[in-house]
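Hi,

Here's the structure I promised to send over. Have a look at it first, then read on for my notes.

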Amino acid sequence: MMPLPREILSDACLSYRSGRLHSEEVNLEEVAKRFGSPTFVYSKASIARAYAAIRDALSFAPHMIAYAVKANGNLAVLRHLAEMGSGADIVSEGELRRALRAGIPAENIVFSGVGKKRAEIAAALDSGVRAIHVESVGELDAVEEIARGRGVRAPVALRVNPNVDAETHPYIATGLHHTKFGLELEVARPLLPRIVSSSALDLVAVACHIGSQVSSSAALTEAVDILSRFAEECVAAGATLHSIDVGGGWPMNYGNEAKPFPPPAAFGDAIRAGLGDRVSFKVVTEPGRALVGPAGVLLTEVLYVKDQGEKRFVIVDAAMTDLIRPALYCAHHEIISLREAESDARWAPVDVVGPVCESGDFLAQDRLMPPVEPGDLLAVCGAGAYGREMASTYNGRPLAAEAMVDGDALITARERAPIESLWAHEPSQSNEPL
Ligand code: LLP
């Protein structure tokens, strides 16, 4: 077998047993038999392990993990995290309702996002979230007005854009001034007198998020340093902050890194270094991918193999509609067979592509793989975060099923969407009144 970076398998709780790929104790061929293909499969143990690693990395201070629901909002995933004590970072009323439904208490929910609608702000206030992260002056005005109208004080955090380069893919970098996120300090600072004297606003936290897959611990330290200094300014201005929210960005390994990312403890150390001795606030962090990404695989079946030009295409039944990351970011996901390759197998480069009518519909390009045949099952690794969550029904493709593994138990996390779901909200006749 080609050496697959070992941490990819172990972080995912995947292993070959008698030549068959297992998630924890469950043979993935059994999952494919029961749920069909394509199906996302998540390991509970992998999520628990990642959660514990981040919790341990923050043990130097009082802290709260507010899981970024956007990475994977499946209720089974959220319930599992809630049981371990996780809070949630949400960006919409939909995510708010999901988090509450999964049993995450409102006081552990923070509301991020650059474009919250008024109805969403109202819903957040009514449910009693921990903090609404304000990202523009206009949004502050809206929150204040809505809170005043309800006769309440809105718990707000100012999300600062520290103008720090997280050294990551430009589409997932959020800490530089040329991105749409957060408030420049020069804009945030003059707001303080107004906020602390408002009867409808309660400044409870400061926040930042410099990006995903943060690869520079120096950048993280710098951002947290800027943020925690600003927290002190807020206190000096009269605010009673309870938290400093350092955002998400805890990285995970996908397998193509020149060297694996440092462990979570190093990320925690970088946060600690940025805080210096300013640790009297609760440290909130919003990891998404690091908690659930390694835990997930996308099972897919090989439909056809065809040689064309210089290329060999392995055509599978999963597509960019199920996992858009390769198409969108040229992201790398390891792809392995559910049957362990023979030791003498001849590995050759292939493109693993889906059925969607787009040249960008690939899951891997020029990837060395052992020979595969129609009917073989493959596992696309690292698919637990930003996989099913970013899926679409483009090309008339119903959304994939989701399953969860817990030891030797296999749980339905979401049934495959029935084909009728594709037109469920359309009138059945063109003249039918809506
Ligand atoms: N907090 C905020 C305010 C965020 O915007 C994000 C992610 C997170 C936390 C969680 O970041 P994480 O720990 O997962 O890196 N679709 C892209 C990722 C977009 C991330 C957007 N914001 C991908 O597939 O790589």
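Below is what turned up, going from the barrel to the helices.

First, bear in mind that this is a predicted model. Its sheet is a closed barrel of 8 strands in the order E5-E6-E7-E8-E9-E10-E11-E12, with parallel pairing. From one strand to the next, the twist averages 30°.

H5 (residues 93–101) lies across E6 and E7 (109–111), and runs at about 170° to E6. H10 (residues 217–236) packs on the sheet, where it touches E9 (154–159), E10 (201–207) and E11 (243–245). The direction of H10 makes about 160° with that of E10.

Over in E12 (residues 282–285) you'll find Thr285. This residue counts as buried because its relative accessibility is 0%, and the cut-off for buried is under 20%. Leaving out residues up to four places away in sequence, Thr285 touches a set that includes Met64, Ile65, Ala66, Asp245 and Trp250.

Last, the H6/H7 pair: H6 (residues 118–127) and H7 (residues 137–150) pack at about 50°, with axes 10 Å apart, so H6 is oblique to H7. The crossing is right-handed. Among the residues making the contact are Arg118, Ile121 and Leu125 of H6 and Val143, Glu145 and Arg150 of H7. The contact residues split into 7 nonpolar, no polar and 4 charged.

Cheers

Note on methods. Residues numbered from 1 in each chain as written. Predicted model: local features only at pLDDT ≥ 70, side-chain atom pairs only at ≥ 80, totals over all residues. Heavy atoms only, no water. Pairing = 2+ DSSP bridges. Helix = DSSP H or I, 4+ residues; strand = E, 2+ residues; numbered from the N terminus. Axes fitted to C-alpha atoms, helices over the stretch in contact; angles between N-to-C directions. Contact = heavy atoms within 4.5 Å. Buried < 20%, exposed > 50% of the residue type's maximum accessible area, 1.4 Å probe, protein only. Parallel < 35°, antiparallel > 145°, perpendicular 65-115°, else oblique. Left-handed = near helix turned anticlockwise from the far one by under 90°. Nonpolar A, V, L, I, M, F, W, Y, C, P; charged D, E, K, R; others polar.
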